[in-house]
Amino acid sequence: MNIFNQFTLRTLRKNKIRTLVTVVGIALSVAMFTAVTSSIASFQQYLLNMEVVREGAWEGRMMATDLQSIQNITADKRVKDWTQMDNLGYAELKDCTNDDKPYLMIEAVDKDFTKYSPITLLEGRMPKDSSEIVISKHLEYNGGVTYKIGDTLKLSVGTRYSKAISGEKSEVLTSNDPYRPGENVKEKSLKTYTVVGICDRPVSEDYSSAGYTAFTRKDDQKAVNYDLFLTFNTPEQSYDIMTKYAATGVYKTHEDLLCFEGKSTNNSFNAILYSMGAI
Amino acid sequence: MEILKVEHLKKTYGEGENAVHALDDVSFSVEKGEFVAIIGPSGSGKSTLLHILGAVDVPTSGKVYMGGQDVFAQNEEELAVFRRRQVGLIYQFYNLIPVLNVRENITLPILMDGRKVNEKRLQDMIHTLHLEGREKHLPNQLSGGQQQRVSIGRALMNAPAVVLADEPTGNLDSRNSHEIMGLLKESNKAYDQTLIMITHDESIALQADRIIAIEDGRITRDEVIRS
């Protein structure tokens, strides 16, 4: 043993009470530090888990976008993963009591969709093919229209267009556009669905949406537009990445999730969070 | 052969009006094997000079050359090695390590260097210092004189270029003082060991080859007693 170690050990032995008090002090401070950091990490993870359960694990969302934009952004190395929701169109609900939400909005998803955007099933199951459909429960209590599992729906599904004002062409309305008086649905095609499940109001549906979401399974059908739910290798850059590739539609970041991850797109927030951690 | 050279050494504490010039342009040199006594009143800068020579303190300006090498041109690591190998320090109050025994205190510079102890040299040293049978004793089990002898052993064990002694007999009675001086003079004569010693005691200073008197940080007298 070298002379420094010998000196240290003998000094510790010579002053037993001081050594004991020092060891206890170190143990207490390490325990306190561990407890505080564990609590913070645990609480942060709790908030993160709650947010994922509530709103989904997506970090960025492009709404009513086109296939070319999807192709371009998913080729970017900074994009970690994604899932897609295809908007097949809108079907008018005959007996709907909500004048601002008169449609069924048909969205086609694949089996991995719920990885990033939750769907809470209340009854039944998710659709296995494009002839099956899951209806949102709030269609009943908000729209006054009730469907049961096993019901067959024959729907005229088409694209929403705004009312043409003199001199101007009518425009395609998407999930980002609330109901506008005078709008109508064109380019309809008849589709038949069997109701296989009832779900809670999905978080992917905006409160101002003109239609109640109904989910079916994706197949080769061409959609009117697409919603893309993304995760990133560099979540702090999520907004900038989407800005670069979004040619049409609207996009947004899942700011609450990013805050809980410590990867907010707001640098000031991140700086405050890490400063508090350092303190 | 010149073993130590000091050029325009200055040490100032504080700034402006509060500046204290502990050393004020001190220059001298020492030959190998010389026994130099530094005398002066309290606060004259003797200990400051000794600490700078031993690289324990850093000068404000000036140069110190030991064996032709600029001491303060070295980095911290090199200075630590210099202090271990080139200089032997003996203090008035011994400064032994209380948890190390006599053997470990004497061989401390060698052990810190990570080198192996020359057992024959150590035994010769213990014999010369009249510390036989005390090798495993701790400092608190020794008398003042014995502790100072251990301190001398520690200073001489590495055969340094210069031994610096800061009032080595200041804490001892006359009998022990006489004994310590005898040991130091013996190492000076027998091993051609350069010795620079601070003392208040004129009688001890007169045992040296040369006396340097310092007052208010300046050399006021530099006298060869015996050549």
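In chain A, strand E5 (132–136) and helix H4 (138–143) each supply at least two residues of the lining of the largest cavity. The model you are looking at is predicted. Chain A comes to seven helices and eleven strands, while chain B has eight helices and ten strands.

**The cavity**

- How many cavities of 30 Å³ or more does the structure hold? The answer is one.
- The volume of the largest cavity is about 50 Å³.
- To find this spot in chain A, look for the lining residues Ile135(A), Ser136(A), Lys137(A), Leu139(A), Glu140(A), Val145(A), Thr146(A), Tyr147(A) and Ile198(A).

- Over all chains, the count of aromatic pairs comes to seven.
- One of these is formed by Phe113(A) and Phe215(A), and it counts as tilted because the ring centres are 6.1 Å apart and the planes meet at 45 degrees.
- This pair ties together parts that are 102 residues apart in sequence, because Phe113(A) lies in the loop between strand E3 (103–109) and strand E4 (121–124) of chain A, whereas Phe215(A) lies in strand E9 (residues 211–217) of chain A.
- Are these two residues, Phe113(A) and Phe215(A), buried or exposed? Both Phe113(A) and Phe215(A) are buried.
- Phe113(A) also forms an edge-to-face pair with Phe229(A), with 5.3 Å from centre to centre and 85 degrees between the planes.
- Here too the pair links distant parts of the chain: Phe113(A) sits in the loop between E3 and E4 of chain A, Phe229(A) sits in strand E10 (residues 225–232) of chain A, and 116 residues separate them.
- Why does Phe113(A) count as buried? Its relative accessible area is 1%, and buried means under 20%.
- Phe229(A) has a relative accessibility of 0%, so Phe229(A) counts as buried.
- Put together, ring pairs link Trp58(A), Phe113(A), Phe215(A) and Phe229(A) into a cluster.

**Charges over rings**

- Which ring has Arg160(A) lying over its face? That ring belongs to Tyr90(A), and Arg160(A) is 5.0 Å from the ring centre.
- There is also Lys186(A), whose charged end sits over the ring of Tyr161(A), 5.1 Å from the centre of that ring.

- Thr216(A) is found in strand E9 of chain A.
- With a relative accessibility of 0%, Thr216(A) counts as buried.
- Thr216(A) and Val134(A) are 82 residues apart in sequence, yet their C-alpha atoms are 6.5 Å apart in space.
- If you leave aside its neighbours within four places in sequence, Thr216(A) is in contact with several residues, among them Leu88(A), Ile106(A), Glu107(A), Ala108(A), Val109(A), Ser131(A), Glu132(A) and Tyr193(A).

**Positive phi angles in chain B**

- Tyr94(B) is a residue other than glycine with a positive phi, near 65 degrees.
- You can find Tyr94(B) in the loop between strand E6 (87–90) and helix H3 (102–106) of chain B.
- The relative accessible area of Tyr94(B) is 8%, so this residue is buried.
- Glu167(B), also a residue other than glycine, has a positive phi near 50 degrees.
- Where is Glu167(B) found? Look in the loop between strand E7 (162–166) and helix H7 (174–190) of chain B.
- Glu167(B) has a relative accessible area of 16% and is therefore buried, since the cut-off is under 20%.

- Chain A has 279 residues, and buried residues make up 41% of them.
- In chain A, 78% of the contacts with a separation of 6 or more are between residues 24 or more positions apart.
- Chain B has 227 residues, and 50% of them are buried.
- For contacts in chain B between residues at least 6 apart in sequence, 69% join residues at least 24 apart.

Notes: Residues numbered from 1 in each chain as written. Chains lettered and ligands numbered in written order. Predicted model: local features only at pLDDT ≥ 70, side-chain atom pairs only at ≥ 80, totals over all residues. Heavy atoms only, no water. 1 Å grid on protein atoms, 1.4 Å probe; cavity = no way out; pocket = protein on both sides within 12 Å on 5 of 7 lines; lining within 4 Å. Points joined across faces, edges and corners; volume = space filled by probe spheres on them. Helix = DSSP H or I, 4+ residues; strand = E, 2+ residues; numbered from the N terminus. Phe/Tyr/Trp six-rings, centres within 6.5 Å; stacked < 30°, edge-to-face > 60°. Buried < 20%, exposed > 50% of the residue type's maximum accessible area, 1.4 Å probe, protein only. Lys NZ or Arg CZ within 6 Å of the ring centre and 35° of its normal. Contact = heavy atoms within 4.5 Å.
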